[in-house]
Amino acid sequence: MKRLNKRGTDKIISVYWFVILFIVAAAIVYMAVVFYGEPYDVRETEANIMINQIADCISQGGEIKDGVINEEGKLELTNENILSKCHLDFNVEDFKDWKKQEQFYFEINFYKFNKDAPDGLGSKFVNDTIAGNMNLKEYCDKKGKNFPVCVERNFYVLVKENPYIIKIKSIVRKTEKNV
Amino acid sequence: MFNNRKAQVGETVTWMVATIAIVVILVISVLIVSIGPFKNREFRESGTSDLLITKSFTGYLLTDDVWENVKDKKGFPRDPKVKLEQSNMDLAINIFPVLYSGNELNYIWLGIVDSTCKFGSGCVVSQIPFGERNKRNLVGKRFFYDNIKLNENSFIELVIKIKE
């Protein structure tokens, strides 16, 4: 009688252990899925990388690179050739409608450096150079993770010993994979 | 018989308490993960270098006679009150705060530092009056640091800190 009782208790304890084991395993799996399932938003980093690539393409050692501005003072980088000259590729993976709608945009503005202006920006030196999906600009003043990420940076550079501020605005959409 | 029953009740209570403890710990962990800070994960670069700041810093040093003035101050007295040349100083005050939009900047420091001395305001040979050179400002995720050696004993340093 006693032996039978003990066997019954052992069985109940085994079932209990399996239930507990299952609950613990399920909770760990759930936590891992929640933790690793959420995407990292890397768009700001991507936008900064694009800005760095453009800045490197335009200037070196604090001065504008040869071939960026010609003898007549005109910008050699045009909307048509900037992607190839700066080794940028806006092709993206075939995901949702990304192929139809470009996911990147940037614009470069050259301003004369004006020490009296609070933002240091004087008159525009040359026309803007732009590339990518211009519509993305519309979302820059919107706040929220579902909108494209806009990053704007300035840097100081010398063009034939004259000081300029170059303003680069970079926008990355890719909302579906980052939010 | 009684003793046996007491022992059985005691054992059951122990198991129940243990089960409740396990369930409570799991529920708390799951709740923390579900509502915790992992939901909106932003990836930001770490490190203390920033290409655009370095480019601007180099551009600044190449402007007019800034580099000549900075480089030739070998005999600078060890006095923080001694400033860089006024024109160079004004230029720096105009350049560096505009690299980031105003509300993003937390701290800027630019000056010449005695490299033979340990960290502290006493090491400052000369500085732009943005603020004090303070170790407290060299912590955090978003500060950028650049320096250029001037001679064996000194270097020019730029620190820019962005609000986190």
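## The surroundings of G120(A)

Leaving aside neighbours within four places in sequence, G120(A) is in contact with F113(A), N114(A), I165(A), N94(B), I95(B) and V98(B), where contact means that the C-beta atoms of two residues, placed from the backbone, lie within 7 Å. This is a predicted model, in which local features need pLDDT of at least 70 and side-chain atom pairs count only at pLDDT 80 or more, while totals for chains, interfaces and linings use all residues. Residues are numbered from 1 along each chain as its sequence is written, and chains are lettered from A and ligands numbered from 1 in the order in which they are written.

G120(A) is found in the loop between β4 (104-113) and β5 (121-124) of chain A; strands here are DSSP runs of E with at least two residues, helices are runs of H or I with at least four, and both are numbered from the N terminus. Because G120(A) has 23 C-beta neighbours inside 10 Å, this residue counts as buried, a label given when 20 or more other C-beta atoms lie within 10 Å of a residue's own, whereas 12 or fewer make a residue exposed and values in between partly exposed.

## The side of chain B that touches chain A

In the contacts between the two chains, 29 residues of chain B meet 34 residues of chain A. On the chain B side, α1 (2-35), β1 (41-42), α2 and α4 (86-95) each supply at least two residues, and α2(B) gives the most, with 9 residues. The residues of this side divide into 14 nonpolar, 9 polar and 6 charged, where Ala, Val, Leu, Ile, Met, Phe, Trp, Tyr, Cys and Pro count as nonpolar, Asp, Glu, Lys and Arg as charged, and the others, Gly among them, as polar.

The axes of helix α2 (residues 43-58) of chain A and helix α2 (residues 51-62) of chain B come within 10 Å and cross at roughly 30 degrees, so α2(A) is roughly parallel to α2(B), a term for angles under 35 degrees. N52(A), A55(A) and D56(A) of α2(A) make this contact with L51(B), L52(B) and K55(B) of α2(B).

Strand β1 (residues 40-41) of chain A and β1(B) pair in the parallel sense over 2 bridges, pairing being assigned if DSSP finds at least two bridges between two strands. Within β1(B), E42(B) is the bridge partner of D41(A).

Technical notes
Axes are lines fitted to C-alpha atoms, for helices over the stretch in contact, and angles run from 0 to 180 degrees between N-to-C directions. Angles under 35 degrees count as roughly parallel, over 145 as roughly antiparallel, 65 to 115 as roughly perpendicular and the rest as oblique.
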